[in-house]
Amino acid sequence: MRNQRTRKVTFLLLLLALLPISTLGRQLVLVLSQEDLKEAAVDSTNLGDEPSDSGFDDFIDSEAKPDYVLDPGSWSPIFEPAIAPHDHLEHEALYYSVVSKIVKAYSRGDERAMEEAASEIEAAASAGHPHAQSILGFLYGMGIGRERSKAKSFLYHHFAAEGGNMQSKMALAYTYSRQEMHDKAVKLYAELAEVAINSFLISKDSPVIEPVRIHSGAEENKEALRKSRGEEDEDFQILEYQAQKGNAGAMYKIGIFYYFGLRGVRRDHTKALSWFLKAVEKGEARSMELLGEIYARGAGIERNFTKALEWLTLASKQQLYSAYNGLGYLYVKGYGVEKNYTKAKEYFEKAADNGEAGGFYNLGVMYLKGIGVKRDVKIASKYFITAFDAGQPKAFYQLAKMFHTGVGLKKNVPLASALYKLVAERGPWSSLSRWALESYLRGDVGRAFLLYSRMAELGYEIAQSNAAWILDKYGERSMCLGESGICSDEERHQRSHALWWQASEQGNEHAALLIGDAYYYGRGTERDYDRAAEAYMHAKSQSNAQAMFNLGYMHEHGQGLPFDLHLAKRYYDQALEVDHAAKLPVTLALASLWIRKNYANSILVHVIDSLPEVYPKVEAWVEDVLMEEGNATILTLFVCLLTVLYLRERQRRNVAAAGEVAFPHQLGEQGVPVAI
């Protein structure tokens, strides 16, 4: 059986090498370095030595606040009712009742219930309720229970944003960004980023809502999903069992999961505190620092700066260098100790000297504001860039402000907007991602699609691709609801296409490949080689090897692009340069080019050209024919034939006194594909 599977895989590799292919692409990552910003730093503005109100906050107060406070209109009381206070629910009782109806109706694909809920939310929106206006904007934008209307969606989101709804501000900022209206987008993203910053920690990274991509190419991302099952995950249960038996390391890890909300575990500061205290009793030093954080922020417990100082001091003595950031924070704010900028700077320098990104960030703030040091925006920008390169999200925020205002760095509004967006996406509204993933893991695909769709309009690329994948993967089971009931195949395709395209605009090259594949093969739309080539070009611009391969194939066959074997060869070569894993398909594709050049009218060329027509039947053929005992010789004979033709041609050219080179500058001296 193993040999049969091997033969099957080998054949499929050969076949797929001669067809346009697509797998999971990587997300575009914004990268800055000191070298990138050297020229801009020279243009820094000299603001003098004395601290002044330059529009920058100093050290933001990191008191823990729940999502429903930072994000008015948050859906957390629906998905996490135990956390929200009853008076909050009573104040917004009608709003949350209708949102619950919408979620339940979509989960069941209940058209009548959705229409009733949409009518109720419209009535509330007409009465001026900003959070209801936000939901109605979402319904119009998606075409759920209402006709799809970008204009009405924008209008209701505008009213909701004016009323203080943060999610509508995210939606508007993303809309402005897509339209390259950066002056408007940057103002909204700046406000949202500041709210997000207030939920960040003192010395550690920000709270993390892990963005899980539920697919990898055309398949479910099973490993990532398995690790995201939270308390139901077998590994978590084993770890919890070890912790209950007294394993200090396991106690610490469990506490980390609850504190940050990792691997699908709901964030629970009270449980985190309990596990960290138990771990410390067993001698687990790393828990000391987190206990200092918890007491300093009042996360799940009343703020107590005296205890925070004690725990952070103990942690620093254990050479837990990031604890120095917490100590510096206490001294610079004067919390639990007398305010002392000199000591604060010393602690931040100790953290930075040991490679802690937070240390670089905090030093940057001191130099930017002139806190305990001579003000120097050039030095501040260098510290922020170092912290940025280390992934410190608060550094993203300060750099965004510098690019936004032109203080310390050359003004660049589009870049400022992009940096603010990265910070804003870590705000409390990102909890939607956790609820969506939980729904998907429970098999509630409809609810997952609704929540990912909500995030998609806020500009989250992973949510856009996840929602699109659910539509493609589950079809009718996605519970897609449109203006007049369950979505038709055409409606699902249109929505999927729009979501994939939005994701591709944000750097998801796999999304552009899927759009190209849809047009190339006519999946859910009419076959259009020109549009396929356009989509592949978009993916190629993101250095995607498979897009380059597909473009080479289209040039080789004159599909959507001019017939040009030289350009085909160039694209195949570029694919291999970008991704060395493409060596096998590229080598076979180059063999195809060689056959096409030297045996233009042979049966081999006819076989190669006919592959796209028989492609849909190949898998069944492999199962019915190739898997039969003895039929694997078909593949062997085919490979042998190619080998014989290759060797004969090489012998002929070696004997010739002077032979023409088939592809000057691209093929080897013998006129055959160069081995790479």
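Let me start with one group of rings: Tyr252, Tyr259, Phe260 and Phe276 form a single aromatic cluster. Keep in mind that this is a predicted model.

Searching the whole structure gives 26 aromatic pairs. One of them is Tyr106 with Phe449. How far apart are the ring centres of Tyr106 and Phe449, and at what angle are their planes? The centres are 6.1 Å apart and the planes are at 35 degrees, so this pair is tilted. For reference, planes under 30 degrees apart would count as stacked, and over 60 as edge-to-face.

Where do the two residues sit in the chain? Tyr106 is in helix 6, residues 93–108, while Phe449 is in helix 25, residues 445–457. The pair therefore ties together parts that are 343 residues apart in sequence. Buried or exposed? Tyr106 is buried, with a relative accessible area of 0%. Phe449 is also buried, and its relative accessible area is 0%.

Tyr252 belongs to helix 14, residues 248–260, and Phe276 to helix 15, residues 269–281, so the pair ties together parts that are 24 residues apart in sequence. Tyr252 and Phe276 are both buried.

The last item is a charge over a ring. Which residue lies over the face of Trp275? That is Lys278, at 4.6 Å from the ring centre.

How values were computed
Residues are numbered from 1 along each chain as its sequence is written. This is a predicted model: local features need pLDDT of at least 70, side-chain atom pairs count only at pLDDT 80 or more; totals for chains, interfaces and linings use all residues. Side-chain values use heavy atoms; hydrogens and water are left out. Rings of Phe, Tyr and Trp (its six-membered ring) pair if their centres lie within 6.5 Å; planes under 30 degrees apart count as stacked, over 60 as edge-to-face and the rest as tilted. Helices (H or I, at least four residues) and strands (E, at least two) are DSSP runs, numbered from the N terminus. Buried means under 20% relative accessible area, exposed over 50%, partly exposed in between (1.4 Å probe, protein chains only). A charge sits over a ring if NZ of Lys or CZ of Arg is within 6 Å of the ring centre and within 35 degrees of the ring normal.
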